[in-house]
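Morning, everyone. Let me put the structure up, and then we'll go through its charged pairs and its packing.

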Amino acid sequence: MNAPATGQLPVVVIGAGPVGLAAAAHLVERGLEPLVLEAGPSAGTAVRDWAHVRLFSPWAEVTDPAAEKLLAPTGWVRPDGATYPTGGDWAEQYLQPLADVLGDKIRYGATVTGVARAGRDRIVDADRDEQPFTVHIELVGGREERIAARAMIDASGTWSIPSPMGADGLPALGEKAAADRISYRVPDLRDPAIRARYAGKRTAVVGSGASAFTALAYLADLAMEKPGTHAAWVLRRGIGANTFGGGEADQLPARGALGLRAKAAVEDGHASAVTGFRTRAVERDGDRLVLVAEDGRRLDPVDEVLVLTGFRPDLSFLSEVRLGLDERLQAPVALAPLIDPNIHSCGTVYPHGVNELAHPEQDLYLVGMKSYGRAPTFLALTGYEQVRSVAAALAGDREAAERVELTLPETGVCGGAGLYDAPDTASEGGEGGGCCGAPATLHIGVGIPTATSGGC
């Protein structure tokens, strides 16, 4: 039996999260066949992990136009556009219904373990672009399969690889050994077992972005109910005017309010800030942990540690395809300079689409949060616009693919470039709170988009 022509093969999308499902919707709209591979058991597996966290963006700004068109015949109605969903709301009221409409275009429990060109490792040039992609997957139970694809869209995000505590980007000495007392997620204190873990305890919160703000606010609320609950907020920089975001001046009101809650936690004594502390090691002190800084300082013992220093992309299954990634951000080479928090403020992020997302490997695209590599902020609708552009390119409509309109205006909360140790500079890689998380103007038929907590 002859293998199907490359043009008859599906476009494989990795990940059934917000951007992966939007990619599938845009492909369907373009008359292309998507096959979404999702490692988890349902749509939005990563989003469900932070179901208790509320987004900064209202409903009007976290749904995709092509997805809404697919949903409309089912009677689906977008929730009140002015209200703010939690991650759980987003998954249950939008992502899962969208996945249900896509039906058998999604395979759950399918973990992608490798992507390559058929019969070609990354070294071979001969007829490379004419070969379909081969996608190796592992199914629940350990069975393996290989799938052929005409193109690849990797929307797997960064959730699976949180950045470690060590200030040099590597796990601090002793960090792995202390894993029983360290978490890399904002805790859901509604869960009695998790609540008991932090109630009346001293917790180190490492990080300076929205996730750290959220944890500080949650712990402050717990402290008012459970005496003895206290947070030691570990910052790699000092505290300055922009440490807590824009407050009432923030054009993202929910983000501004969150920053003010974190500030109140410090001012009310529920949290104490430890500045200029770059963790080198984690040591045991009986049943407690002691963080040791690069300069030799030692934090007073803590019972638990929350490491909220951002995420990084998993590139392990892409080892046999040719990626063009920036050596610092691990974002596509053409995109990296546009989103680099070391040099850009919000207003200097230029429009980007298929051209900036391209790699040396033809018809392979990293999209969504994964396309930003280690850059700390990401807009949901930026991802939707990315996949609109990619789908148009794969359908042969280059004019539509290059018609990307995205403007990120100043919000008053951007640090821009600055000295490494200056308190008011843009955040360190992966800590969040960087300068690219401003409201954006995307001319794709919806309201002004804002950053989601999932991108911080």
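Which residue forms a salt bridge with D221? That is R261, with the closest N and O atoms 2.6 Å apart. By salt bridge I mean a side-chain nitrogen of Lys or Arg within 4 Å of a carboxyl oxygen of Asp or Glu. R261 sits in helix α7, residues 253-267, and D221 in helix α6, residues 210-225, so this pair ties together parts that are 40 residues apart in sequence. Helices here are DSSP runs of H or I, at least four residues, and strands are runs of E, at least two, numbered from the N terminus.

A word on the basis. This is a predicted model, where local features need pLDDT of at least 70, side-chain atom pairs count only at pLDDT 80 or more, and totals for chains, interfaces and linings use all residues. Residues are numbered from 1 along each chain as its sequence is written, and side-chain values use heavy atoms, with hydrogens and water left out.

Back to the pair. R261 is partly exposed at 37% relative accessibility. D221 is partly exposed too, at 33%. The cut-offs: buried is under 20% relative accessible area, exposed is over 50%, partly exposed is in between, with a 1.4 Å probe and protein chains only.

How many salt bridges does a search of the whole structure find? The count is 24. One of them joins D326 and R328, at 3.8 Å, N to O. D326 is buried, at 14%, whereas R328 is partly exposed, at 46%. Salt bridges with shared partners also link R107, R143 and E145 into one network. Within that group, E145 and R143 meet at 2.8 Å, N to O.

Now the packing. The largest nonpolar core has 84 residues. Such a core is a set of buried Ala, Val, Leu, Ile, Met, Phe, Trp, Tyr and Cys residues joined through side-chain atoms within 4.5 Å. Helix α6 gives the largest share of this core, 10 residues. Among the residues with the most contacts inside it are W90, I153 and L394. Beyond four places in sequence, L394 contacts residues including V11, L27, R150 and Y365. Contact means heavy atoms within 4.5 Å. Another core, of 19 residues, lies apart from the largest one and includes V12 and F317.

Last stop: V206, in strand β9, residues 202-206. Is V206 buried or exposed? Buried, at 2% relative accessibility. Leaving out residues up to four places away in sequence, V206 touches M165, V234 and L291, among others.
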